[in-house]
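Subject: Structure handed over, with notes

Hello,

Please find the structure below. My notes come after it.

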Amino acid sequence: MTTPAESTETPGQQPETGLRADAERNRDRILAAARRLYAAQGLGVSMAAVAREADVGKATLSRRFATREDLVTAVFADRMDGYAAAVTEALADPDAWHGFTGYIQAVCAMQAADRGFADVLTMTFPAAKALEARRAEAYEGFLRLIDRAKDTGHLRADFVPEDLVILLMANAGVVAATGDAAPDTWRRLVGHMLRSYATPDAPLPPPAGAPAPTALYRAMVRLSRTGGDVS
């Protein structure tokens, strides 16, 4: 039997395994809270708001994630993996033009599903090495995708990689502005942009329908109430 004199634990102190479990639970709660807030509101959410949503103190948040970049990297690691995988899948498509258009639609759909990720794709995070490495990997794949699509004769010769960045910025703005009022508006934008990238004889998917006037009106009212700030 272990006597009090032989015990190595301080009264009231958790065993080390208990402390590790608590730390892991706190990390999971922080990540879940950040995912919810970023998905709904974008990356403008403060670290303090994440701590409140997770019901942890600011010090606890700082111990788990010292910087905003650390938190963003952890939250969006799987999304960036999906982003890189999308271009790999597009390159594997035997129809290079179909792979190109499918990739554009897939990435814009990722933005529409998560406002935070929409922001991630239009920003850079120099301190987030892992995240930026995945972005660079996807970019290199997209360069190959452009070359393959141009070889088909369906992608305009004057299309440049920067055009994708412009599209992602525009799509992020549409996703943020329309919100729940007209959530599929981004599809219309992407359809118009694909037509602008294509040569006259290029096959294209049918364009998405325009949002209902009442839905766009609700989105405009929403914008007016926030003074144009949709964060």
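Predicted model: local features only at pLDDT ≥ 70, side-chain atom pairs only at ≥ 80, totals over all residues.

Residues are numbered from 1 along each chain as its sequence is written, and side-chain values use heavy atoms, with hydrogens and water left out.

The whole chain

The chain has 10 helices and 0 strands. Helices (H or I, at least four residues) and strands (E, at least two) are DSSP runs, numbered from the N terminus. Of the 231 residues in the chain, 39% count as buried. Buried means under 20% relative accessible area, exposed means over 50%, and partly exposed is in between, with a 1.4 Å probe and protein chains only. Among contacts between residues at least 6 apart in sequence, 71% join residues at least 24 apart; a contact means heavy atoms within 4.5 Å.

Helix α5 and its two partners

Helix α4 (residues 68-92) and α5 have axes that come within 9 Å and cross at roughly 165 degrees. The axes are lines fitted to C-alpha atoms, for helices over the stretch in contact, and the angles run from 0 to 180 degrees between N-to-C directions. The two helices, α4 and α5, are therefore roughly antiparallel to each other. On the cut-offs used, angles under 35 degrees count as roughly parallel, over 145 as roughly antiparallel, 65 to 115 as roughly perpendicular and the rest as oblique. The crossing of α4 and α5 is right-handed. A crossing is right-handed if the near helix is turned clockwise from the far one by less than a right angle, and left-handed if anticlockwise.

Which residues meet where α4 contacts α5? From α4 they are G82, Y83, A86, V87 and A90, and from α5 they are G99, Y103, V107 and M110. By class, the residues of this contact divide into 7 nonpolar, 2 polar and no charged. Here Ala, Val, Leu, Ile, Met, Phe, Trp, Tyr, Cys and Pro count as nonpolar, Asp, Glu, Lys and Arg as charged, and the others, Gly among them, as polar.

The other partner is α9. The axes of α5 and α9 come within 11 Å and cross at roughly 150 degrees. That makes α5 roughly antiparallel to α9, and their crossing is right-handed. F100, T101, I104, Q105, C108, A109 and A112 in α5 meet W186, V190, L194 and Y197 in α9. The residues of the contact of α5 with α9 comprise 9 nonpolar, 2 polar and no charged.

Helices α8 and α10

The axes of α8 and helix α10 (residues 213-225) come within 8 Å and cross at roughly 90 degrees. The two, α8 and α10, are therefore roughly perpendicular to each other. In this contact A176, A177 and T178 of α8 meet A219, R222 and L223 of α10. The contact of α8 with α10 has 4 nonpolar, 1 polar and 1 charged residues.

V174 is in helix α8 (residues 162-178). Not counting residues up to four places away in sequence, V174 touches T185, W186 and L189. The C-alpha atoms of V174 and A112 are separated by 8.9 Å, although the two are 62 residues apart along the chain.

Aromatic rings

The structure holds 10 aromatic pairs. Rings of Phe, Tyr and Trp (its six-membered ring) pair if their centres lie within 6.5 Å; planes under 30 degrees apart count as stacked, over 60 as edge-to-face and the rest as tilted. W97 and F100 form a stacked pair, at 5.6 Å centre to centre with 15 degrees between the planes. Being 3 residues apart in helix α5 (residues 96-113), W97 and F100 are separated by about one helical turn. W97 is buried, with a relative accessible area of 3%, and F100 is buried too, at 0%. One aromatic cluster is formed by Y38, F76, Y83, W97, F100, Y103, F117, F142, F159 and Y197.

Two single residues

Is T185 buried or exposed? T185 is buried, with a relative accessible area of 14%, and lies in helix α9 (residues 185-197). Leaving aside neighbours within four places in sequence, T185 is in contact with V174, T178, P211 and L216.

D55 is in the loop between α2 and α3 (58-64). D55 is exposed, with a relative accessible area of 61%. Phi of D55 is near 60 degrees, a positive value in a residue other than glycine. Most residues other than glycine have a negative phi.

Regards
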